[in-house]
Amino acid sequence: MNATMKTLALLLAACTFTAPALAADPAAAATKNIVIVPGEFVDASGWHVVHDILSQKGYHVTVVPAAHATFEDDVAHARRVLMQQFGNVVLVGNGIGGAVIGNVGSGAKVKALVYVAAIAPEVGESPLQLLHGTGGMPAAIRADFAGYHWADRARFHDDFAADLTPNRANFLAASQTPVGLAFLGTPSYAALWHTKPSYAVVATEDRILAPDAQRMMYRRAHSQIVEIKGSHAVHMSRPEDVAQVIERAARDTL
């Protein structure tokens, strides 16, 4: 065997050896992923019951560790989580997390958007505009010297989570995650609900994001809308109902 033939033989052997590693993994392709971007003032742990319900039904659920300091940072965090998913994704946003999903879900693997008491900005609209939009923002929210916005701790139960027990709401108030003005004032540069199917939960007793503002945004997005009696913390007070809406989006699109 001359040198050329030996080289060809080695190349063929290498291709034969590496081909299985390059083959698509059917199990990975069949994975049904749900990625959740939390909203303002509470961290990702508020989604643990919804996570458990959906996980027990076979979905691969990930919650983005969003800090809400800047819009760009939250979008970057969400993109990193999306890149880790194998297979198609339903992308869920709560509160200001709705702005994130409307800007980060442009890839082909994202099959649907789900808004849970969330803003759904049009291009050029900022979270602050929408929070102060139709019906106003009755909750007491104040900025500190650094520009981070906090919900009034004394009114947190009534404003944010009136349908949770006082001790639970008090802990949420004590452990709240503030929102940076750099996030709230940043206009959306995309509105993917124009091109992706969307589903939406209107929290009918929400005092953070007015229910009429939610309805306006979801109607213009042509979302499939479900109204649930609940506060802005509807994903904690009514987790089974919220999980049902997310599962409907998954069944329809994944």
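Predicted model: local features only at pLDDT ≥ 70, side-chain atom pairs only at ≥ 80, totals over all residues.

Student: What makes strand S6 and S7 a pair?

Tutor: Pairing needs at least two bridges. Two bridges join S6, residues 148-151, to S7, and the strands run antiparallel, so by that cut-off they pair.

Student: Which sheet do they belong to, and what are its edge strands?

Tutor: An open sheet of three strands in the order S5-S6-S7, with antiparallel pairing. Its edge strands are S5 (141-143) and S7 (179-180), because each pairs on one side only.

Student: How do you know that S4 and S8 pair as well?

Tutor: The same test applies. Four bridges join S4 (residues 110-118) to S8 (residues 198-203), and the requirement is at least two, so S4 and S8 pair, running parallel. In S8, Val201 is the bridge partner of Val116. These strands sit in an open sheet of six, ordered S2-S1-S3-S4-S8-S9, with parallel pairing. Strand S2 (60-63) and strand S9 (224-228) are the edges, and the twist averages 15° from one strand to the next.

Student: Why is Ala161 called buried?

Tutor: Ala161 has 0% relative accessibility, and buried means under 20%, so Ala161 counts as buried. Ala161 lies in the loop between helix H7 (156-160) and helix H8 (166-174).

Student: What does Ala161 touch beyond its sequence neighbours?

Tutor: Not counting residues up to four places away in sequence, Ala161 touches Phe156, Ala169, Ser231 and Ala233. Ala161 and Asp206 are 45 residues apart in sequence, with their C-alpha atoms 8.5 Å apart in space.

Student: And what is Phe156 in contact with?

Tutor: Leaving aside neighbours within four places in sequence, its contacts include Phe41, Val42, Ala161, Leu172 and Gln176. Phe156 is also among the residues with the most contacts inside the largest nonpolar core, which has 52 residues. Helix H4 (residues 71-83) gives the largest share of this core, five residues. A second, separate core of 25 residues includes Ile34, Val90, Val226 and Ala249.

Student: Now the rings. Why is the pair of Phe71 and Phe183 called edge-to-face?

Tutor: Two values settle that. The ring centres are 5.4 Å apart, and rings pair within 6.5 Å. Phe71 is in helix H4 and Phe183 in helix H9 (residues 181-184), 112 residues apart. Both Phe71 and Phe183 are buried.

Student: How do you know that Phe41 and Phe160 are edge-to-face too?

Tutor: Their centres are 6.4 Å apart, which is within the 6.5 Å limit. The angle between the planes is 70°, over the cut-off of 60, so Phe41 and Phe160 are edge-to-face. Both residues are buried, and ring pairs link Phe41, Phe156 and Phe160 into a cluster. A search of the whole structure finds five aromatic pairs.

Student: What shows that the length of helix H12 agrees with its residue count?

Tutor: H12 (residues 239-253) has 15 residues, which at 1.5 Å a residue should span 21 Å. The end C-alpha atoms of H12 are 21 Å apart, so the two values agree. Among the buried residues of H12 are Val242, Val245, Ile246 and Ala249.

Methods: Residues numbered from 1 in each chain as written. Heavy atoms only, no water. Expected span 1.5 Å × (residues − 1). Buried < 20%, exposed > 50% of the residue type's maximum accessible area, 1.4 Å probe, protein only. Core = buried A, V, L, I, M, F, W, Y, C linked by side-chain atoms within 4.5 Å. Contact = heavy atoms within 4.5 Å. Phe/Tyr/Trp six-rings, centres within 6.5 Å; stacked < 30°, edge-to-face > 60°. Axes fitted to C-alpha atoms, helices over the stretch in contact; angles between N-to-C directions.
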